[in-house]
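Colleague: I would like to learn how to read a model like this one, feature by feature. Could you take me through it?

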Amino acid sequence: MRYVLKSLFCTLLFYYIGVIAVAQNIEGYVFVDNNKNSIMDSDEKGIKGVMVSNQKDVVITDEKGHFKIKLKEEKFIFVTKPEAYQFKLDKYNNPEFYFLFKTKKTKEQLKYRSSEPITEIPEFLYFPVYNNPGEEEHSCLLIGDPQMKDDEKLVFYKDGIIPYMATKQVDFYVVLGDISHNNPEILPKEKQISATLGVPGYRVFGNHDINYKAADNKHAAETFKMVYGPDYYSFDFGSFHYIILNNVLYDGWWKEINAPGRYSGGLSEEQKKWLINDLMLVSSNKTIVLFSHIPFDKIFVKENSMQTLFKALENHKKILAVSGHLHYIVAYDYTADDGWEYNANFEGLVAGAACGAWWSGLLDENNIPFSTCPDGSPKGFFQLNVTKDDYNYVFHPVNYPNDFQFRTYINKDEICVNWFVGKKTDSVWVYLDNNPIAIKLHNFIGTDSFVESIYKAHKDMQKTTLVKTAHLWKAKLPENISTGYHSVKVFARDSKGILFKGFKTFYIEK
Ligand SMILES: [Zn+2]
């Protein structure tokens, strides 16, 4: 009897393993494609130690570049770009680093398209890569919410933002979500336009990119994934480990009232598991850069998602979290108040918006709105510059010269400076006329009175609410200041010691 049971157990075990091996695992190779024919020729070598994921588990390639990983329905198998290698680029200049395992058609009725199922499961997945030396120093553009509702806005982006981006020498760009404005049909068009930049692009999923007829969160990003690939993954560039996250959770179409459902900020349970598995395999010496649409702030993101993220980052030494969503700029540091109680230097940047105040306000001579953001910062984008193990970021305002980093104005008897990227702990001071004694400005939280007047003057801007920002500084003008023209030279120094300069002429009435 005992023997019978044992043999039955063995048979079951064997059968079980057989099912997994045949139906649920996939094998593949990451290899250096020296002759660029996309085929792993017998003399071409695999790369060891490359991370491969099914958006939950993460495995590492062996010395032959071989991996084996579980297939999960409707999930991507993707390879984390290894340092000093680049993937083959597709015709849109985007890296070919993923495979979507989808065997059945999406059943639910979505308003916007989704990926077609595969017709057969490949025996092996091959990911060709090429050497990409000199990655230690690199740079990328960070583009907040282009938020394009229709073809007119697409033209605004093509003619009003892309030419500015094209003047920057960078290795890649990242669009931080809300690429569309409730119209995912824009996404393939954005991809075609941005392809003209000639460098790889990475995209983050935003709440306005939702396929909003989806019944729940599962298919909310269907069109986004069809156009761009996985909604969360990672890639290495030099000593930096970049992580793209999808922190939009959609409640699904609201049947009772036949309207789009609500969304909230947070990470799906599967994504949390992946994030932990990913970061566990990344050396603590690597700088981590997180890209998400919604800022990781307890006001916007569920507490348990914040805690999971923070815990997963506990051993890392330097972290930067970049996001969009707010349409204004916030440069900040994570502290114990945010729930960050580990040692690392953890900085955050909310990168404004390419569409500014949703493409509104005064038009420039190309008929594109100036669209100043509700914190007073111009519409624009950022550039992240990396040198070995350090980085800095620079704001590129659109419609203004690059050195236009703050706006100075006189408001009643005060001199005010709105330094778009300033942190509340940074210093701002001015010299009035030829007086060699500096006047120190103090930081305050408030609304920018310049942008207040702009919003009042333009009807289409009035629906946008002005925001209180912490990147304002002010000081009282001397009481005995004489009538007539005066000047101020403005100086601002950030925490990295970089000095910014500005100048303003103003008139004092009797
Ligand atoms: Zn958003």
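Modeller: Gladly. Let us begin with a definition: a residue is buried if 20 or more other C-beta atoms lie within 10 Å of its own, and exposed if 12 or fewer do. Keep in mind that this is a predicted model.

Colleague: Now strands. Which way do the residues of S10 point?

Modeller: The general idea first: in a regular strand the side chains alternate between the two faces of the sheet. In strand S10, residues 172-175, Phe172 and Val174 point one way while Tyr173 and Val175 point the other way. All of these residues are buried.

Colleague: Which strands are joined to S10 by bridges?

Modeller: Strand S9 (residues 137-143) is joined to S10 by four bridges, and the two run parallel. Cys140 has Phe172 in S10 as its bridge partner. Strand S11 (residues 201-203) also runs parallel to S10, with three bridges between them, and Val175 has Arg203 in S11 as its bridge partner. Going from S10 to S11, the chain passes through helix H4 (residues 187-195), and this β-α-β crossover is right-handed.

Colleague: What about antiparallel pairing, say between S27 and S28?

Modeller: Strand S27 (residues 484-493) and strand S28 pair in the antiparallel sense over ten bridges. Arg493 has Leu499 in S28 as its bridge partner. Five residues lie between the strands of this hairpin, and Gly497 takes a positive phi near 90 degrees there.

Colleague: How many residues of S28 are buried?

Modeller: The count is zero among the ten residues of S28 (499-508), so to apply the cut-off of 20 neighbours, none of them reaches it. The strand is hardly covered.

Colleague: Let me pick a loop residue, Lys45. Where does Lys45 lie?

Modeller: Lys45 is in the loop between strand S1 (25-32) and strand S2 (51-53). Lys45 has 13 C-beta neighbours inside 10 Å and therefore counts as partly exposed. Leaving aside residues up to four places away in sequence, Lys45 touches Phe31, Val32 and Gly65. The C-alpha atoms of Lys45 and Asn34 are separated by 9.0 Å, although these residues are eleven apart along the chain.

Colleague: Stepping back, how many helices and strands are there in the protein?

Modeller: There are eight helices and 28 strands. The radius of gyration is 26 Å, close to the 24 Å that the globule rule gives for 510 residues, so the protein is as compact as a globular protein of that length. Its C-alpha trace spans about 105 × 50 × 50 Å along the principal axes, and 41% of the 510 residues count as buried.

Colleague: And what domains is the protein divided into?

Modeller: Domain 1 is 2-129 and domain 2 is 406-508. Their centres, taken over C-alpha atoms, are separated by 55 Å.

Definitions and conventions:
Residues are numbered from 1 along each chain as its sequence is written. This is a predicted model: local features need pLDDT of at least 70, side-chain atom pairs count only at pLDDT 80 or more; totals for chains, interfaces and linings use all residues. Two strands pair if DSSP finds at least two bridges between them. A crossover is right-handed if, with the strands pointing away from the viewer, the path from the first strand over the helix to the second runs clockwise. The radius of gyration is taken over C-alpha atoms; the globule rule is 2.2 Å times the number of residues to the power 0.38. Domain bounds come from an automatic or database domain assignment. Two residues are in contact if their C-beta atoms, placed from the backbone, lie within 7 Å.
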